[in-house]
Amino acid sequence: MLAYIARRIVYVIPIVISVALVCFLLVHITPGDPLVAVLPADASQELAAQLRAAYGFDRPLPVQFGLWLLRALHGDLGNSIATGRPVLAEVMRAVSNTVTLAIAAAIIGFTMGILLGLIAGYFRETWIDKVATSFAIAGVSVPHYWLGMVLVIIFSVQLNWLPAVGAGPNGSNSWAWDWAHLKYLVLPAITTSVIPMGIVTRTVRALTGDILSQDFVEALRAKGLHETGVFRHVIKNAAPTALAVMGLQLGYMLGGSILIETVFSWPGSGFLLNSAIFQRDLPLLQGTILILALFFVFLNLLVDIAQAAIDPRIKRG
Amino acid sequence: MSELPLSATSDAALQAAPATKARGYWATVGRRIMRDKVSMACALVLLLIFLSAILAPWLGLEDPYKGSMIRRLRHIGTVGYPLGTDELGRDMLARLIYGGRLSLLIGILPVILAFCIGTSLGLVAGYVGGKLNTAIMRTIDVFYAFPSVLLAIAISGALGAGILNSIVSLTVVFVPQITRVAESVTTGVRNMDFVEAARASGAGAFTIMRVHILGNVLGAIFVYATSLISVSMILAAGLSFLGLGTKPPEPEWGLMLNTLRTAIYVNPWVAALPGAMIFAVSICFNLLSDGLRSAMDIRN
């Protein structure tokens, strides 16, 4: 197991470096001068050159990348152009709000997905299966930012039960586990959960169906095992694949939260990304994407290891 | 995930073998999908949306750009404005139909582009193998390290707002996914006897790829690509929704949803209409893709 973990970590290193390279290059595919946001419109050539040297934009690209990577390894992602504060601190604060949202959504989406998937797979080709499958298809096809709007229309505008935007009373930015804050989490979490719900349902349904049609299930039933016992075998066999899919979905929720956070003004990493894009705050944009992508890579690594831990066949592969 | 396409292609290979056949593989698939009611209903809805978008100028609709301050945010069912009016008093029905032109274009074009690029890359990587395969597939892996929404927004955000930029960014998101599928089905086909026979009879690499492999892998890649259209529609409209796609006053579903967002307290259901269009197109493509996939799986 340790050897497997070590091998996986070694595989991850080139990926991490390439991810950093992509994030670094993002700023350089940006049209226009990266200094445009900091420079006053009437700045002299001299001042521009001075600033360019201060930010290191006058060096050759590979040197810039090397220096940037070295600083990033020390946790220095530069300062936000808009606020002047360190990027890393800004991103981490926002990410914690996104993690709250993603975990809440994962609890809803994965529970629903596993249940619907198991039921649909067990009662294949019946009306129960059709209902569950329709739910799943709707979940993966719905533009979630629109679903968010519709939920706001129903529960905030028409019924006035839940707040429409924000993450806490009086525009509070910090999260707390009380009802006053939880009320703000309900709609964004449900909205975020529909895609993972749909995908997990489809995966678990297919897995359950496949496993139930295998010969060993026949054998289990023939030896007189109770249906709940058979079910335990189904769950055990479906777990590794289902776990991998759920891990990936959790990563998508963390990294792809920008649309939902924009709809609900949820002060997370996606919201930060949105303001970075529109204020042309390139260090912040770069830093946010880098941190989110690294989270995703790290999560994939964890899933691989967890999968190997519950399914010994993987280690040999 | 790749098991299904693989079995579909090997079936295709088997079907292609006899010189005289009662009915070709694609004819069988076509016949099977014609009998599938859900697929046909979806195809009909999509056909209607496509035709109305293409024929919009000849349908006798209101001018989708002409607003009026005195008739802003009319409700659904108002006489003369069956679907109400938007925040600038423009006819919603006309804007939704005209909106289809841009929304469908920016939603579907990236998948078509990625289908062409990804199939070529995957075919070459899978057939040539060796170092070239490693080079192509490891580069692809880098893009897999980003969640697709994040990647689309990162590229689009860095390039700046615009239709062309959002098409480029979505193409970049889908190329790796299609390349992976294309590579895996190509690797499955390349060691088959008929490819070996073609090679033994002196056919060049390009000829083998074009004549012997492409025909056997294209179906599987195509089905996979159709399943991406729904995601692409949602993402493309999402980019516009964020303000990264097209600019006002252009009618586009994602952008309309954005500008109408402030109107949800005044006229909520009119504000939700553009999203319903995205949903309809997306779910129809998903169901149609599922239908196509099971129609191609000849075994059952």
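Colleague: What makes residues 101-123 of chain A a helical span in this predicted model?

Modeller: The span is 96% helix and 0% strand, and its end C-alpha atoms lie 33 Å apart. Over residues 181-200 the chain is 100% helix and 0% strand, with 28 Å between the end C-alpha atoms.

Colleague: What makes a residue of chain B count as buried, and what percentage of its 300 residues are buried?

Modeller: A residue is buried if 20 or more other C-beta atoms lie within 10 Å of its own, and by that criterion 47% of the 300 residues in chain B are buried.

Colleague: Why is the set of 154 residues called a nonpolar core?

Modeller: The name requires buried residues of the kinds Ala, Val, Leu, Ile, Met, Phe, Trp, Tyr and Cys, joined through C-beta atoms within 7 Å. The largest such core holds 154 residues, and those touching the most other members include A:Trp146, A:Ala293 and B:Ile278. Helix 9 (residues 205-242) of chain B gives the most to this core, with 19 residues. Domain 1 (18-73) and domain 2 (89-313) of chain A both contribute residues, so the core lies between them.

Colleague: What is B:Ile278 in contact with, leaving aside its neighbours within four places in sequence?

Modeller: Contact asks for C-beta atoms within 7 Å, and B:Ile278 is in contact with A:Pro143 and A:Trp146 in chain A, as well as with B:Met233, B:Ile234, B:Ala237 and B:Trp253 in chain B.

Colleague: How do you know that domain 1 and domain 2 of chain A touch, and what is the distance between their centres?

Modeller: Although 37 Å separate the two centres, taken over C-alpha atoms, nine residues of domain 1 of chain A are in contact with 10 residues of domain 2 of chain A. By class, the side of domain 1 that touches domain 2 has eight nonpolar, one polar and no charged residues.

How values were computed
Residues numbered from 1 in each chain as written. Chains lettered and ligands numbered in written order. Predicted model: local features only at pLDDT ≥ 70, side-chain atom pairs only at ≥ 80, totals over all residues. Domains from an automatic or database assignment. Contact = placed C-beta atoms within 7 Å. Nonpolar A, V, L, I, M, F, W, Y, C, P; charged D, E, K, R; others polar. Helix = DSSP H or I, 4+ residues; strand = E, 2+ residues; numbered from the N terminus. Buried ≥ 20, exposed ≤ 12 C-beta atoms within 10 Å, placed from the backbone.
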